Amino acid sequence: MFDNLHEECGVFGIYEPKSSNVASSTYFALYALQHRGQESCGIAVNDDGIITYHRDVGLVHEVFDRERLNKLGKGNMAVGHVRYSTTGVPKRHNAQPLVIRHVKGPMALAHNGNIVNSFELREQFELEGAIFHGTNDSEVIAYAITKNRINSPSIEAAIEKAMYQIKGAYSIVCMSATKLIAARDPNGFRPLCIGKCDDGAIVFASETCALDSIGAEFVRDVKPGEIVVVKDGNMTSIETHCGSKGNLCIFEFVYFARPDSIVDGASVQNARHRAGAFLAKEHPVDADVVIGCPDSGLEAAMGYAKESGIPYAVGFIKNRYVGRTFIKPTQGEREDAVRIKLNAVKNTVKGKRVIMVDDSIVRGTTSSKIIKLLRDAGATEVHVRISCPPFISECYFGTDIDSKEHLIACKMNVDEICKHIGADSLGYLSLEALRKIPEGAGCGFCDGCFTGKYPIEVPKTFAKDKFETKLSESGKKK
């Protein structure tokens, strides 16, 4: 219905010194990470080496109730996952955590990111006799670890070896019979942090907001390339693959992460305020009011208003009860569907020149509908300001931009886009300003979707459903 980018995934892991209800802690953490993935979710609990798990398609509160959490039992370790599919269809068999039972012991794995050489690795593993049950790249990671585990002294050594094979973005939390392990790819494309609780619990999470949800204190971020191992309450680190400052996805600060999170040393909320302030400097315009498009446009709108001196006001009310299961409208009902999910506040915009700040324009279909909402509510002018540069290239590392043909900026220039969406003016944040918004960040950034230049070699062709396509073609041959 809306053409915003989808989040990647969220991962969480917890170790408790004593057996306790870690499933509940994981549930609350996944709730805090729900914005990162809304297709499926799952929790795996380790009780003295026995891993019990449940996963399914749906939001956290749809998949888990108190009875289901109780069935997971008590234990001293758990791993959780919320998913948006960047490879593999949104079906139950692709939900995570993946649970592997092997002669060397069980393993549960949750992954955020996208492996650029997963197709080639899977084909290689299948020719060696491997059997895959799903169609996502996370299963390739799990098999690489399991295969290396055969001749490795420990699971962390197997992960260390597997990291030489897998290329791309991966922040993973992995649980064996006795250990909880977190690992981040050498470029640190996706966030991953460490926290501690007063009772000695150690946790890993995609964002600090998940730590806050269970009362954990932030310790530090997992370094790009680092493997962190927790056993019997002791935390050790393997830094064989470390050395790079990292290339975190800069869109975490524009859209993906929650405003109350701190990602690699930078406040997400502050970054969005700074984006709005830079927009006001780069694209000033006479207007009466500044509004933000919920949710990630709100903070940038506040920054624009403060810098420009133009009053900020609430311009839209978002229906919080329209969720994933909202009926998909027919073509003739799409305009009504937008009105159901988002409604303009007439008292704010009627008879006024409006600056609307949003996080991005992907295809342009939603922007035109939202601008029409404002005009129907009485806005005399609508000036659109976007808190990132135009998307001009694919993302290979965990977001769902898989083709330039879906990007309006690859078909039109700024003036043409402005006319297409029905705005009076349109201004994008410059690439130079974008790189300055994460104040205090201790890492470098990947901005390939805005530049077409990536930190590592990427595939010549890429398709989100590449594994399904291969299976379909194999079936036709048979």
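What volume does the largest cavity have? In this predicted model, it comes to about 90 Å³, where a cavity is a set of points on a 1 Å grid over the protein atoms alone at which a 1.4 Å probe fits but cannot get out. Volume here is the space filled by probe spheres set on the points, with grid points joined across faces, edges and corners. The model is predicted, so to speak on its own terms: local features need pLDDT of at least 70, side-chain atom pairs count only at pLDDT 80 or more, and totals for chains, interfaces and linings use all residues. Residues are numbered from 1 along each chain as its sequence is written, and side-chain values use heavy atoms, with hydrogens and water left out.

A search of the whole structure turns up 3 cavities of 30 Å³ or more. Lining the largest cavity are 15 residues (lining means an atom within 4 Å of a point), and Arg190, Cys249, Cys395, Thr399 and Cys449 lie nearest its centre. That lining splits into 11 nonpolar, 2 polar and 2 charged residues; Ala, Val, Leu, Ile, Met, Phe, Trp, Tyr, Cys and Pro count as nonpolar, Asp, Glu, Lys and Arg as charged, and the others, Gly among them, as polar.

Next come the pockets, a pocket being an open set of points with protein on both sides within 12 Å along at least five of seven lines. The second largest pocket holds about 370 Å³ of space. Its lining has 17 residues, with Val99, Ile100, Ile131, His133 and Glu139 closest to the centre. By class, this lining has 9 nonpolar, 5 polar and 3 charged residues. Helices (H or I, at least four residues) and strands (E, at least two) are DSSP runs numbered from the N terminus.

Helix 5 also packs against helix 6 (residues 155-162), at about 120 degrees with the axes 8 Å apart. Axes are lines fitted to C-alpha atoms, for helices over the stretch in contact, and angles run from 0 to 180 degrees between N-to-C directions. On the helix 5 side, Ala144, Ile145, Asn148 and Arg149 meet Ile155, Ala158, Ile159, Lys161 and Ala162 of helix 6, contact meaning heavy atoms within 4.5 Å. This contact has 6 nonpolar, 1 polar and 2 charged residues.
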